[in-house]
Amino acid sequence: MRNDSSFIELKARERARLLLDDGSFRELLDPFEGIVSPWLEAQGIVVQSDDGMVVAKGTINGGPAVVIAIEGAFQGGSMGEVSGAKMAAALELAAEDNRNGIPTQAVLCLETGGVRLQEANLGLAAIADIHAAIVDLRRYTPVIGVVAGTVGCFGGMSIAAALCSYLIVTREARLGLNGPQVIEQEAGIDEYDSRNRPFIWSMTGGEVRYQSGLVEALVGDGVNAVKQAVNDAIAKGVPAQHRTDNYAWYLERLSNFDTSKQADAEQIKQLFGEKRA
Amino acid sequence: MEHITLSFPATRTVSGKALAGVVGSGDMEVLFTATQGDTLTIAITTSVDNSEQRWQALFSRLVELTSIPAGQMQIHDFGATPGVARIRIEQVFEEVSHA
């Protein structure tokens, strides 16, 4: 029997609680405040009282911290006006804290399909705010992203993940700009069969993302394993160069990639793998 | 989607508030806030239409078999079966009983 309990099985609130020091969890705009999406009910969709976003303040290793966790079970972890604003504002406040001499650390639990289609441009605008806030905050403290699964991280929020200083994934996680069904619909089933699960995970799963150097840590599904990886990332401090500052290196590889051949996991590793080695 | 409001006589008072569940497929979210007085009021938003009788029956049974605390309960249901619904409701009652 393994001596670590599952992280993937946890809901967003429990994830946030466990990533913070024992007893330090304090939620901002908690469910009893009832700040829900004003758009879902009009479209016949049941709301959740925290709009699927948990913003928790507390401490990590005794230092001030904010953990922002998306609830993947509610509307696929989609980003609406309210949930997006909660994450953006929490990141902006953390940056403000850092400027005011309170070195607030930040951990994001990303389980999301990206923008909530029912809230369209408002969700997109919130995601843009989140991107800007991460870029602002990561100058002061490492912004650590955790994609544990089972939803994974897609759409505009995959860009938010890429902007993080460090990314932690499990084998169950997936990370990609477009979800499998979107690619299949656009490119055809011959190009990308969304129901072929081994194939999907071989292209966008946590393991191949780690082997390609697009994430820093691949961990087992355990609370302690994730906490250890978060601590390791905190210990590294702000990276000398963020992944997204190195865009020219990636762009050159993508430009020279032969798209006439069907892409597979081996090619992805060859394309980006030297970063890991 | 429909809204249902129910009310039952409470047989005890507790303090505090509690939350259980999420608005995910086959699950539901329950928020309970204890109040003084002798009534449990329940506001349900459910994705399942024509389910008022089922909710009425579920709570009637709970009232018969257990001791119901006074307070306000809000339920956001996303297709929870009566079994899951009952577990979520009992979770919040248990949590406030130990507060």
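Okay, let's start with the sheet in chain A: 7 strands, open, in the order β1-β2-β3-β4-β5-β7-β9, with mixed pairing. At its edges sit β1 (26-28) and β9 (217-219) of chain A, each pairing on one side only. From one strand to the next, the twist averages 25 degrees. Two strands pair if DSSP finds at least two bridges between them.

Before I go on, this is a predicted model, so to speak about local features we need pLDDT of at least 70, side-chain atom pairs count only at pLDDT 80 or more, and totals for chains, interfaces and linings use all residues. Residues are numbered from 1 along each chain as its sequence is written, while chains are lettered from A and ligands numbered from 1 in the order in which they are written.

Back to that sheet. Strand β7 (residues 166-170) of chain A pairs with β9(A) in the parallel sense, over 3 bridges. Look for V169(A), which stands opposite L218(A) in β9(A).

Now, what lies across β1, β2, β3 and β4 of chain A? That's helix α2 (residues 81-99) of chain A, running at about 25 degrees to β2(A). For angles like this, axes are lines fitted to C-alpha atoms, for helices over the stretch in contact, and the angle runs from 0 to 180 degrees between N-to-C directions.

Buried means 20 or more other C-beta atoms within 10 Å of the residue's own, exposed means 12 or fewer, and partly exposed is in between, with C-beta atoms placed from the backbone. Take V146(A): not counting residues up to four places away in sequence, it touches V107(A), L108(A), C109(A), L110(A), I168(A) and V226(A). Touching, or contact, means that the C-beta atoms lie within 7 Å.

Next, a residue I like. Is S165(A) buried or exposed? S165(A) is buried, because 24 other C-beta atoms lie within 10 Å. You'll find S165(A) in the loop between α4 (156-163) and β7 of chain A. R138(A) is 27 residues away from S165(A) in sequence, but their C-alpha atoms are 6.6 Å apart in space. Leaving aside neighbours within four places in sequence, the contacts of S165(A) include R138(A), I144(A) and H242(A).

Let's look at two helices together. The axes of α3(A) and α4(A) come within 9 Å and cross at roughly 5 degrees. That makes α3(A) roughly parallel to α4(A), since angles under 35 degrees get that label, over 145 is roughly antiparallel, 65 to 115 is roughly perpendicular and the rest is oblique. Among the residues making the contact are L124(A) and I127(A) of α3(A), and M157(A) and L163(A) of α4(A). By class, this contact has 9 nonpolar, 2 polar and no charged residues. Here Ala, Val, Leu, Ile, Met, Phe, Trp, Tyr, Cys and Pro count as nonpolar, Asp, Glu, Lys and Arg as charged, and the others, Gly among them, as polar.

Most residues other than glycine have a negative phi, and most peptide bonds are trans. But L29(A), not a glycine, has a positive phi of about 50 degrees. L29(A) sits in the loop between β1 and β2 of chain A, and it counts as partly exposed because it has 19 C-beta neighbours inside 10 Å. A120(A), in helix α3 (residues 120-137) of chain A, also has a positive phi, near 35 degrees. And the peptide bond from G149(A) to T150(A) is cis, with omega near 10 degrees.

Finally, chain B. How many of the 8 residues in strand β1 (residues 2-9) of chain B are buried? The count is 0, so to speak hardly covered. Strand β1(B) runs antiparallel to strand β4 (residues 39-46) of chain B, joined by 8 bridges, and S7(B) stands opposite T41(B). Where the chains meet, the contact takes 11 residues from chain A and 15 from chain B. The chain A side has 6 nonpolar, 3 polar and 2 charged residues.

Key: Contact = placed C-beta atoms within 7 Å. Helix = DSSP H or I, 4+ residues; strand = E, 2+ residues; numbered from the N terminus.
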